[in-house]
Amino acid sequence: MQRVRTVLDVQERAHCLRLATRKMGAAKPQWLELVPTSDRRTPSTRETMRRNYQRLLERVLRRSFPDWKVDGMRSAMDLEHSFGPAYSRGGC
């Protein structure tokens with residue numbers, strides 16, 4: 001299946017390129033942003049979001065596996081044991 005879009009407008013911004021596109025047959029255009037990195041959050045915001053996610057993951061694991069004990073969650077860079085800092089891991 002091919003998807004066809006028509007580019008209606010291009011806007012150059014400081015750190016992104018915005019394209020106004022319209023799908024074939026659609027009435028309203030949509031904006032598509034091309035950025036050098038998909039994560040434009042500040043490092044402190046990113047760390048806060050990771051900590052919040054780790055707490056949520058720990059609660060879900062405790063609820064789903066009540067007989068198991070979660071032994072700390074981590075997301076620090078450790079390529080020997082994970083894919084990178086965006087992935088949480090923990091012991092049990």
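1. **Burial.** Buried residues make up 15% of the 92 residues in the protein. Keep in mind that this is a predicted model. Buried here means under 20% relative accessible area. Several of the points below come back to that cut-off.

2. **Overall layout.** The secondary structure comes to one helix and five strands. Follow the chain along its sequence and the pattern reads β-β-β-α-β-β. The helix, helix 1, covers residues 43-64.

3. Three strands make an open sheet in the order 1-2-3, and the pairing is antiparallel. Strand 1 (5-12) and strand 3 (30-34) stand at the edges. Each has a single partner strand, so one side of each has no neighbour in the sheet. On average, neighbouring strands of this sheet are turned by 30 degrees against each other, direction ignored. As background, strands of a sheet pair through backbone hydrogen bonds.

4. **The hairpin.** Strand 1 and strand 2 form a hairpin, with four residues between them. Strand 2 takes in residues 17-23, and seven bridges join it to strand 1. The two run antiparallel. Glu12 stands opposite Leu17 in strand 2. Asp9 stands opposite Ala20 in strand 2.

5. Side chains of opposite charge can pair when their charged atoms come close. A search of the whole structure finds three salt bridges. One of them joins Arg18 and Glu33, with the closest N and O atoms 3.4 Å apart. Arg18 lies in strand 2 and Glu33 in strand 3, so the pair ties together parts that are 15 residues apart in sequence. Are the two partners buried or partly exposed? Arg18 counts as buried, because its relative accessibility is 15% and the limit for buried is under 20%. Glu33 is partly exposed, at 35%.

6. **Salt bridges in the helix.** Arg50 pairs with Glu47, and their closest N and O atoms are 3.2 Å apart. These two residues are three apart in helix 1, so about one helical turn separates them. Arg50 counts as buried, at 19% relative accessibility. Glu47 counts as partly exposed, at 36%. Glu58 forms a salt bridge with Arg62, and here the closest N and O atoms are 2.9 Å apart. Glu58 and Arg62 are four residues apart in helix 1, so they too are separated by about one helical turn. Arg62 is partly exposed, with 45% relative accessibility.

7. **A nonpolar patch.** Which residues form a nonpolar patch on the surface? They are Tyr53, Leu56 and Val60. Together they have about 260 Å² of accessible area. Val60 has its place in helix 1.

8. **The aromatic pair.** A search of the whole structure finds one aromatic pair. The partners are Phe65 and Trp68, with ring centres 6.0 Å apart. Why does the pair count as tilted? The ring planes stand at 45 degrees. Planes under 30 degrees apart would count as stacked and over 60 as edge-to-face, so this pair is tilted. Phe65 is partly exposed, at 44% relative accessibility. Trp68 counts as exposed, because its relative accessibility is 56% and exposed means over 50%.

Terms used:
Residues are numbered from 1 along each chain as its sequence is written. This is a predicted model: local features need pLDDT of at least 70, side-chain atom pairs count only at pLDDT 80 or more; totals for chains, interfaces and linings use all residues. Side-chain values use heavy atoms; hydrogens and water are left out. Patches are made of residues with over 30% relative accessible area and no salt bridge: like charges are joined within 9 Å, nonpolar side chains (Val, Leu, Ile, Met, Phe, Trp, Tyr) within 5 Å. Accessible areas come from the Shrake-Rupley method with a 1.4 Å probe; for residues, only the protein chains shown count as cover. A salt bridge is a side-chain nitrogen of Lys or Arg within 4 Å of a carboxyl oxygen of Asp or Glu. Two strands pair if DSSP finds at least two bridges between them. Axes are lines fitted to C-alpha atoms, for helices over the stretch in contact, and angles run from 0 to 180 degrees between N-to-C directions. Rings of Phe, Tyr and Trp (its six-membered ring) pair if their centres lie within 6.5 Å; planes under 30 degrees apart count as stacked, over 60 as edge-to-face and the rest as tilted. Buried means under 20% relative accessible area, exposed over 50%, partly exposed in between (1.4 Å probe, protein chains only).
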